[in-house]
Amino acid sequence: MSPVRSCSRTACRQPAVFTLTYVYADSTAVLGPLATYVEPHCYDLCAEHAERLTAPRGWEVVRLPSEAGQPSTDDLEALANAVREAAKPTPSTGAEPVGQGVEVGRRGHLRVLRSSQPKHEK
């Protein structure tokens, strides 16, 4: 299987750059950037077929900008910072008991546990 998706049109071997989907309730065809994953009832189109796309009479074609799917460098930097922050170890506060719980139910090999109340020293 080729890592590059090709146009859904018969006999077209060009690489797909757009994804076409339909919103039947609104009589709308939506043409946007190539979807990340292949979805059923969506069609991948090359640039030529996307440009020549027409919809049935009474339908509207909505063309989404193709740059919308490309993250900016600011977005990538913010994502990297969020990942770094999430990866930092958090100091244990001791508020939640670890490894202690009361079994309140069982289904097969799964157990439902409720946290036990921490024991306070007097």
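1. Let's start with Asp44. In this predicted model, Asp44 counts as buried because its relative accessibility is 9%, and the cut-off for that label is under 20%. Asp44 has its place in strand S3.

2. What does the side chain of Asp44 pair with in a polar contact? The partner is the side chain of Thr19, at 3.2 Å. Beyond its neighbours within four places in sequence, Asp44 is in contact with Arg5, Ser6, Cys7, Ser8, Ala16, Phe18, Thr19, Leu34 and Val38.

3. Now for the sheet around it. Four strands form an open sheet in the order S3-S1-S2-S4, and the pairing is mixed. Strand S3 (43-45) and strand S4 (60-63) are the edge strands, each pairing on one side only. From one strand to the next, the twist averages 25°.

4. How do strands S1 and S2 run relative to each other, parallel or antiparallel? Strand S1 (residues 18-23) and strand S2 (residues 28-33) are antiparallel, with six bridges joining them.

5. Next, the nonpolar side. The largest nonpolar core has nine residues: Cys7, Cys12, Leu20, Ala29, Leu31, Leu45, Cys46, Ala50 and Leu53.

6. Setting aside its neighbours within four places in sequence, Cys46 is in contact with Cys7, Cys12, Gln14, Pro15, Ala16, Val17 and Phe18.

Notes
Residues are numbered from 1 along each chain as its sequence is written. This is a predicted model: local features need pLDDT of at least 70, side-chain atom pairs count only at pLDDT 80 or more; totals for chains, interfaces and linings use all residues. Side-chain values use heavy atoms; hydrogens and water are left out. Two strands pair if DSSP finds at least two bridges between them. Helices (H or I, at least four residues) and strands (E, at least two) are DSSP runs, numbered from the N terminus. Axes are lines fitted to C-alpha atoms, for helices over the stretch in contact, and angles run from 0 to 180 degrees between N-to-C directions. A nonpolar core is a set of buried Ala, Val, Leu, Ile, Met, Phe, Trp, Tyr and Cys residues joined through side-chain atoms within 4.5 Å. Buried means under 20% relative accessible area, exposed over 50%, partly exposed in between (1.4 Å probe, protein chains only). Contact means heavy atoms within 4.5 Å. A polar contact is a pair of N or O atoms within 3.5 Å; within protein, one must be able to donate a hydrogen and the other to accept it, and residues adjacent in sequence count only if both atoms are side-chain atoms.
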